[in-house]
Amino acid sequence: MMCIGAWGTLVMFRSAGMRAGMLNHRLSCGILCGMVGLSLAPSALWAQPGDAEGSGSQQLLFNQPSAIGVAVRVVIANGDTLTGTIRDNTQGFLTVDNIILGEVRIPIPDIREVMADFGEPASPRQPKTTEPRIPQDPSEPAPQPEEQRLTPVPDPAGPDRSRPDPPAETPKPPVVAKDPVPKKKAKWKSEISFGLVGVQGNADRLNVDVAFKTRRDADDGTFNFNSRYIYNTVEGDRVTNRLTLNARNDWKFEDKDFTLFLRTSGEVNEFAAFDFRAAGNAGVGYRWLTKAEDDAELSTRVGAGVRRDFGIEDAEYVTELTIAADYRKDLNERQRLNISGEIFPEVSDFSEFRSVVATNWEYKLDKETNTTLRLGVRYEYDTTAATFEENELTYTARLVLGF
């Protein structure tokens, strides 16, 4: 290897023979500048063999005829590259035959480095030539370049047969999103009941008892409303003229055995010391038995509230406690037993209180028309009403129409 010419032009090329056709090419603005004769400032005209990409490639003198026809990759000073075959290396230009652009002339000062395309390692400054093997049999394929010969690398330790293959992973079942539980539609049940008793003889009597109830059941709780009107006469004189109204709402907690209740009531009684009585109380309830699990329902309520009697001189709000219980049992498909009780003692004086206990038995007369016979007993004791009698016991027989 020797240096000839003022530029000391070096070309890196591969030792083995190359195919004339080029597989890859890139063109940039820097190459076009060389085509029109624009000279770029040289930056490291030639790289040393150990520094250039494809380290270990050999060097060749441009001005020797052996450089013609060598497949090279030319790196321009601005970093762009051009692949092709050398056609001429005289007159200060390197002429490269590109598969797309044809012959391209690049000024030698604008070239950063030239290396053989797909160069292989070789000892520096020692040209390495390999005579291609001529196949003896024309049917034998031509030798392939070394970089295309892939030799599998065996595992030095060999396959490990001492350990069993790991068990295959069991596929996890897909996660199915649960549909939200739809809320139960609110269900209303209502009824109207009436009882009528007329007696003429030794004493003329007329007893009228009319009641209305409605109930709403929903996921968030229940609502109850009931009203009752009683009108009795003896020998044409009124002895009873009374209207009562009661409403209660029970809100359910997440633990549906507990409830929060609010109750309001009103009463008009012609034969009481007051004209109108209003009361309101609130508290917590608990369900001890449920129909779904025990075939019966039992619930209790404890709370507090206030009461006021209107129509009485110097009437004041009175604070009272609330203690109540409800029990309902289905005896069979047609019969039902209901028992309820409430007591409201005054906080300031427990001897002053009002209470109501009611029991009734129901018999379903006709399921299609939802007609029921109801027999009941109701006992009231009130020390605060200043009526003629503090206690009152009522027997009733009603015909109930449900809807």
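Rings of Phe, Tyr and Trp (its six-membered ring) pair if their centres lie within 6.5 Å; planes under 30 degrees apart count as stacked, over 60 as edge-to-face, and the rest as tilted. The model is predicted: local features need pLDDT of at least 70, side-chain atom pairs count only at pLDDT 80 or more, and totals for chains, interfaces and linings use all residues. Residues are numbered from 1 along each chain as its sequence is written, and side-chain values use heavy atoms, with hydrogens and water left out.

**View 1. Aromatic cluster and an edge-to-face pair.** Phe258, Tyr286 and Trp288 form one aromatic cluster. The whole structure holds eight aromatic pairs. In one of them, the ring centres of Trp188 and Phe223 are 6.5 Å apart and the planes meet at 65 degrees, so this pair is edge-to-face. Trp188 belongs to strand E8 (residues 187-199) and Phe223 to strand E10, 35 residues apart. Strands (E, at least two residues) and helices (H or I, at least four) are DSSP runs, numbered from the N terminus. Trp188 is partly exposed at 49% relative accessible area. Phe223 is also partly exposed, at 25%. Here buried means under 20% relative accessible area, exposed means over 50%, and partly exposed lies in between (1.4 Å probe, protein chains only).

View 2. Arg228 and Asp209 meet through their side chains in a salt bridge, 2.8 Å from N to O. Arg228 sits in strand E10 (residues 221-234) and Asp209 in strand E9 (residues 205-218), and 19 residues separate them. A salt bridge is a side-chain nitrogen of Lys or Arg within 4 Å of a carboxyl oxygen of Asp or Glu. By this rule the count is 25. Arg228 counts as buried because its relative accessibility is 11%. Asp209 counts as buried at 9%.

**View 3. Glu342 and its two arginine partners.** Side chains of opposite charge can pair when their charged atoms come close. Arg263 forms a salt bridge with Glu342, with the closest N and O atoms 3.1 Å apart. Arg263 lies in strand E12 (residues 258-269) and Glu342 in strand E16 (residues 335-345), so this pair ties together parts 79 residues apart in sequence. Arg263 and Glu342 are both buried. Glu342 also meets Arg301 in a salt bridge, at 3.6 Å from N to O. Arg301 is in strand E14 and Glu342 in strand E16, so here the linked parts are 41 residues apart in sequence. Arg301 is buried, as is Glu342.

View 4. Arg301 lies over the face of Phe261, 5.9 Å from the ring centre. Arg354 lies over the face of Phe344, at 4.3 Å from the ring centre. A charge sits over a ring if NZ of Lys or CZ of Arg is within 6 Å of the ring centre and within 35 degrees of the ring normal. Arg354 also joins Arg277, Arg307, Asp309, Glu320, Glu346 and Asp382 in a network of salt bridges.

**View 5. The largest nonpolar core.** This core has 12 residues: Val70, Val72, Val74, Ile76, Leu82, Ile86, Leu94, Val96, Val104, Ile106, Ile111 and Val114. Two or more residues each come from strands E3 (71-76), E4 (81-88), E5 (93-98), E6 (102-107) and E7 (111-116). E3 gives the largest share, three residues. A nonpolar core is a set of buried Ala, Val, Leu, Ile, Met, Phe, Trp, Tyr and Cys residues joined through side-chain atoms within 4.5 Å.

**View 6. A nonpolar surface patch.** Tyr229, Leu243, Leu245, Val268, Phe276, Val306, Phe310 and Tyr317 form this patch, with about 670 Å² of accessible area together. Strands E11 (237-252) and E14 (296-310) are the elements that give two or more residues to the patch. Patches are made of residues with over 30% relative accessible area and no salt bridge; like charges are joined within 9 Å, nonpolar side chains (Val, Leu, Ile, Met, Phe, Trp, Tyr) within 5 Å. Areas come from the Shrake-Rupley method with a 1.4 Å probe; for residues, only the protein chains shown count as cover. Tyr317 is in the loop between E14 and strand E15 (318-330). Tyr317 counts as exposed, at 56% relative accessibility.

**View 7. Two loop residues with positive phi.** Asp314, a residue other than glycine, has a positive phi near 60 degrees. Asp314 lies in the loop between E14 and E15. Asp314 is exposed, at 69% relative accessible area. Asn370 has a positive phi too, near 55 degrees. Asn370 is placed in the loop between strand E17 (353-366) and strand E18 (371-382). Asn370 counts as partly exposed, at 28% relative accessibility.
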